[in-house]
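The following briefing is arranged by topic.

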Amino acid sequence: MPGRIAGLITEVFFRSTFAIALLLGPVLTSAAFADTADDLRKLQASRFAALVAKDTGTLDRLLSPSLVYTHSNGAVESKQAFIDNIKSGKMVYRSIDPGNSMVTIDGAVGIITGISNFAVTVGGTDLEAKL
């Protein structure tokens with residue numbers, strides 16, 4: 001990824017949209033927007049792939065140490081608790097279809113919004129959700 005990405009993923013899930021904010025280094029010009037938007041989408045795809053693969057090492061590198069993960073049911077986890085639940089199999093992401101997304105960059109923050117289809121297993125129960 002280009003050096004202008006200075007931060008790591010921080011995310012907050014809402015009922016029907018998701019947002020990922022990344023701190024970006026220098027102020028971006030409109031010409032740099034396409035590359036940065038593409039970079040943000042690639043990071044999002046890497047995060048989704050790591051979730052499905054239970055690749056907790058990649059998740060540890062991608063997620064901010066200060067991550068507060070709020071699930072669609074309102075449950076809140078720290079980064080470590082989130083990763084531990086994936087590692088233990090308490091939360092299994094069977095598949096994630098990101099659907100269409102929109103990238104917005106405002107100064108040093110990039111936000112991805114959209115609706116994704118998640119197939120998960122939580123505590124042995126299979127669930128599917130659009131978030």
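A residue is called buried when its relative accessible area is under 20%, exposed when it is over 50%, and partly exposed in between (1.4 Å probe, protein chains only). Val-120, with a relative accessible area of 11%, is therefore buried. The model is a predicted one, in which local features need pLDDT of at least 70 and side-chain atom pairs count only at pLDDT 80 or more, while totals for chains, interfaces and linings use all residues. Residue numbers start from 1 along each chain as its sequence is written, and side-chain values use heavy atoms, with hydrogens and water left out.

**Overall organisation**

- The chain contains three helices and nine strands, where helices (H or I, at least four residues) and strands (E, at least two) are DSSP runs numbered from the N terminus.
- In sequence order these elements follow the pattern β-β-α-α-β-β-α-β-β-β-β-β.
- The chain has 131 residues, and 39% of them count as buried.
- Among the contacts in the chain with a separation of 6 or more, 55% are between residues 24 or more positions apart; contact means heavy atoms within 4.5 Å.
- The chain exposes about 7,000 Å², of which carbon and sulfur atoms supply 57%; accessible areas come from the Shrake-Rupley method with a 1.4 Å probe, and for residues only the protein chains shown count as cover.

- Strands β5 and β8 pair in the antiparallel sense over six bridges; two strands are said to pair if DSSP finds at least two bridges between them.
- Within this pairing, Met-91 has Val-122 in β8 as its bridge partner.
- Strand β8 is also joined to β9 by six bridges, and these two strands run antiparallel.
- β8 and β9 form a hairpin with two residues between them, and Gly-123 in the turn has a positive phi of about 55°.

**Val-120 in β8**

- Val-120 lies in strand β8, and its bridge partner in β9 is Leu-127.
- Leaving aside neighbours within four places in sequence, Val-120 is in contact with Met-91, Val-92, Tyr-93, Arg-94, Thr-125, Asp-126 and Leu-127.
- Val-120 and Ile-96 are 24 residues apart along the chain, and their C-alpha atoms are separated by 8.6 Å.

- The largest pocket holds about 380 Å³ of space. Grid points are joined across faces, edges and corners, and the volume is the space filled by probe spheres set on the points.
- On a 1 Å grid over the protein atoms alone, a pocket is an open set of points with protein on both sides within 12 Å along at least five of seven lines, in contrast to a cavity, where a 1.4 Å probe fits but cannot get out; lining residues have an atom within 4 Å of a point.
- The lining of the largest pocket comprises 17 residues, and those nearest its centre are His-71, Ser-72, Asn-73, Met-91 and Val-122.
- By class, the lining divides into eleven nonpolar, four polar and two charged residues. Ala, Val, Leu, Ile, Met, Phe, Trp, Tyr, Cys and Pro count as nonpolar, Asp, Glu, Lys and Arg as charged, and the others, Gly among them, as polar.
- β5 (91–97), β8 (117–122) and β9 (125–130) each supply at least two residues of this lining, and β8 gives the most, with three.
- His-71 lies in the loop between β3 (68–70) and β4 (76–78), and it counts as buried because its relative accessibility is 12%.
- Apart from neighbours within four places in sequence, His-71 is in contact with Glu-77, Phe-82, Met-91 and Tyr-93.

**The β6–β7 hairpin**

- Strand β6 (residues 101–106) and strand β7 (residues 109–114) pair in the antiparallel sense over six bridges, and Asp-106 stands opposite Val-109 in β7.
- These strands form a hairpin with two residues between them, with Gly-107 in the turn at a positive phi of about 65°.
- Ile-111 is found in strand β7 and is partly exposed, with a relative accessible area of 32%.
- The C-alpha atoms of Ile-111 and Ser-101, ten residues apart along the chain, lie 10.0 Å from each other.

**Other individual residues**

- Lys-54, in the loop between α1 (30–53) and α2 (56–62), has a positive phi of about 55° although it is not a glycine.
- Lys-54 is partly exposed, with a relative accessible area of 42%.
- Leu-131 lies in the segment after β9 and counts as buried at 12% relative accessibility.
- Leu-131 and Ser-116 are 15 residues apart in sequence and 5.3 Å apart in space, C-alpha to C-alpha.
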